[in-house]
Amino acid sequence: MLSRLAMTCVLTVLPMVGWAGPHQDLYNAMRLDELLQVMRNEGVTYGDELASDMFANGGSGSWGAQVSDIYDIDRMRRSVTQGLERSIAEDDAARMTAFFETELGARIIGLEISAREAMTDSEIEQAARAAFHTGVRAEDPKIDPIREYVEVNNLVEANVEGAMNSSYQFYRGLIQGGALDQTEEDILSEIWSTEGFTYNDTEEWVYGFLMLAYGPLAKEELETYTEISKSDAGQALNRSLFVAFNGMYDDISYAMGLAAAHHLSGQDL
């Protein structure tokens with residue numbers, strides 16, 4: 001259930017005093033602190049790629065510092081925990097925690113985090129994407145149960161929506177920072193023009209990631225996980241994760257757009 005989710009200037013940092021109980025137990029059982037660290041690393045790499053694409057000098061030292069601050073792990077944690085608290089009931093959180101504390105549940109989380117971390121290496125990511133296409137052509141028996149899992153959790157469409165929302169927030173940041181002179185209609189038109197590419201890219205990434213992550217699972221284990229995902233608690237968790245992580249990425253994307261605009265104009269935030 002650790003989906004891609006690929007991507008106000010400064011989020012308010014609030015202490016996590018009093019955050020405990022089922023939501024905290026779920027956060028811990030899913031090892032979300034480790035996942036957030038991987039996402040931070042992805043973000044820093046994305047910042048380097050963005051600098052290479054957008055800035056004549058490839059970005060100065062101040063740019064790296066701004067990216068590091070935007071992907072601050074404490075802010076990311078606070079955003080996700082607030083999202084979880086708002087979007088999943090305590091009973092559902094407790095039910096899913098109970099599963100992730102089983103041997104199979106803990107193993108699945110470990111496999112997902114290891115795969116996510118491995119795919120920060122571009123060569124491994126490309127190999128995973130290629131393995132998806134090879135598996136489809138060869139009618140790999142793992143494809144069908146993975147496809148069912150993807151469809152049950154609406155992983156491709158929901159990730160496409162998240163990616164497009166993040167792009168919208170990035171453009172908003174660029175406009176707010178004075179780097180672009182476009183209307184909201186212009187932004188939406190630009191984003192929707194890339195929908196086909198975004199869908200294909202997301203589908204390839206999701207299937208490549210899941211084939212890498214779930215490769216060690218027996219077919220019966222993956223089917224068990226899919227059945228749990230179909231439950232009311234499983235569906236509640238899936239929706240909650242998208243709410244929590246999409247909210248985090250929307251804030252980050254807006255901040256990245258604003259920082260890029262200021263950098264282009266020679267200003268520092």
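**Helix packing and core**

The axes of H7 and H11 cross at roughly 95 degrees and come within 8 Å of each other. This is a predicted model, where local features need pLDDT of at least 70 and side-chain atom pairs count only at pLDDT 80 or more, while totals for chains, interfaces and linings use all residues. Residues are numbered from 1 along each chain as its sequence is written, and side-chain values use heavy atoms, with hydrogens and water left out.

Helices are DSSP runs of H or I with at least four residues, numbered from the N terminus. Axes are lines fitted to C-alpha atoms, for helices over the stretch in contact, and angles run from 0 to 180 degrees between N-to-C directions. H7 and H11 are therefore roughly perpendicular, a label that covers 65 to 115 degrees.

Which residues meet there? On the H7 side they include Ile-124, Ala-128 and Phe-132, and on the H11 side Trp-205, Tyr-207 and Met-211 are among them. Contact means heavy atoms within 4.5 Å. The residues of this contact divide into 8 nonpolar, 3 polar and 5 charged. Here Ala, Val, Leu, Ile, Met, Phe, Trp, Tyr, Cys and Pro count as nonpolar, Asp, Glu, Lys and Arg as charged, and the others, Gly among them, as polar.

H11 itself runs over residues 195-214 and reaches 28 Å from its first C-alpha to its last, close to the 28 Å expected. The expected span is 1.5 Å times one less than the number of residues. Its buried residues include Thr-198, Trp-205 and Tyr-214, buried being under 20% relative accessible area with a 1.4 Å probe, protein chains only. The cover over the buried residues of H11 includes H6, H7, H8, H9 and H12.

Next, H2, residues 32-54. Its 23 residues should span 33 Å, and the end C-alpha atoms are 32 Å apart, which agrees. Tyr-46, Gly-47 and Leu-50 are among its buried residues, and the elements covering the buried residues of H2 include H1, H3, H4 and H13.

Now the core. A nonpolar core is a set of buried Ala, Val, Leu, Ile, Met, Phe, Trp, Tyr and Cys residues joined through side-chain atoms within 4.5 Å. The largest one has 74 residues, and Phe-100 and Met-256 touch the most other members. Helix H13, residues 232-264, gives the largest share of this core, 15 residues. Not counting residues up to four places away in sequence, Met-256 touches Tyr-46, Gly-47 and Leu-50, among others.

Definitions and conventions. Helix = DSSP H or I, 4+ residues; strand = E, 2+ residues; numbered from the N terminus. Buried < 20%, exposed > 50% of the residue type's maximum accessible area, 1.4 Å probe, protein only. Parallel < 35°, antiparallel > 145°, perpendicular 65-115°, else oblique.
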